[in-house]
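Here is a friendly walk through the structure shown below. Please keep it open beside the text as you read.

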Amino acid sequence: MPFYYFDLLVDGQPNNQGGMILEDLSVASDRADALASELRILKPELRSTNCFVRVVDENNNEIYRTPLEPIPRWSVRSSQK
């Protein structure tokens, strides 16, 4: 199983949040989304700033990124009609 690392990006500067062995990218992206949700609550000062949680692999390649401030649902066009 691969090792994934999680960073908090604040204005492009990475802050290591740790890493873990996970089954695949799907599980790692779910963990990143959960971390972003937790940080939104625990660190409200990071809201409305340029903050992201990113996942990098063992070679330091970014493979997933999610914003701390979620994209409002009303701004995303639905493909369902």
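## The nonpolar core

A nonpolar core here is a set of buried Ala, Val, Leu, Ile, Met, Phe, Trp, Tyr and Cys residues joined through side-chain atoms within 4.5 Å. Buried stands for under 20% relative accessible area, exposed for over 50%, and partly exposed for what lies in between (1.4 Å probe, protein chains only). This is a predicted model, in which local features need pLDDT of at least 70 and side-chain atom pairs count only at pLDDT 80 or more, while totals for chains, interfaces and linings use all residues. Residues are numbered from 1 along each chain as its sequence is written, and side-chain values use heavy atoms, with hydrogens and water left out.

With that in hand, look for the largest nonpolar core, which has 14 residues; F6, V53 and L68 have the most contacts inside it. Two or more residues come from each of β1 (3–10), α1 (25–42) and β3 (51–56), and α1 gives the most, with 5 residues. These element names follow DSSP runs numbered from the N terminus: helices are H or I runs of at least four residues, and strands are E runs of at least two.

## Around L68 and C51

What does L68 touch, leaving aside its neighbours within four places in sequence? Its contacts (heavy atoms within 4.5 Å) are L8, A36, L39, R40, L46, C51, F52 and V53.

Not counting residues up to four places away in sequence, C51 touches L9, V10, L46, P67 and L68. C51 and P67 are 16 residues apart along the chain, yet their C-alpha atoms are separated by 6.0 Å.

## A network of salt bridges

Side chains of opposite charge can pair when their charged atoms come close. The term salt bridge is used for a side-chain nitrogen of Lys or Arg within 4 Å of a carboxyl oxygen of Asp or Glu. How many salt bridges does the structure hold? There are 3, and a network of salt bridges links D7, R54, E62 and R65.

Start with D7 and R54, whose side chains meet at 2.9 Å, N to O. D7 belongs to strand β1 and R54 to strand β3, so this pair ties together parts that are 47 residues apart in sequence. Both partners are buried: D7 has a relative accessible area of 8%, and R54 has one of 16%. R54 also forms a salt bridge with E62, with the closest N and O atoms 3.7 Å apart. E62 in turn meets R65 in a salt bridge of 2.9 Å, N to O. E62 is partly exposed at 36% relative accessibility, and R65 is partly exposed at 40%.

## Rings and a charge

A pair of aromatic rings is described by the distance of the centres and the angle of the planes. Rings of Phe, Tyr and Trp (its six-membered ring) pair if their centres lie within 6.5 Å; planes under 30 degrees apart count as stacked, over 60 as edge-to-face and the rest as tilted. The whole structure holds 1 aromatic pair. The rings of F3 and Y5 have centres 4.8 Å apart and planes at 50°, so the pair is tilted. F3 is partly exposed at 25% relative accessibility, and Y5 is partly exposed at 32%.

Two strands pair if DSSP finds at least two bridges between them. β1 and β2 run antiparallel and are joined by 8 bridges; D7 has N16 as its bridge partner in β2. The hairpin of β1 and β2 has 2 residues between the strands, and there D11 takes a positive phi near 50°. D11 is not a glycine, and it is exposed, with a relative accessible area of 57%.

Where is N60 found? N60 is in the loop between β3 and β4 (62–67). Its phi is near 65°, a positive value in a residue other than glycine. N60 is exposed, with a relative accessible area of 56%.
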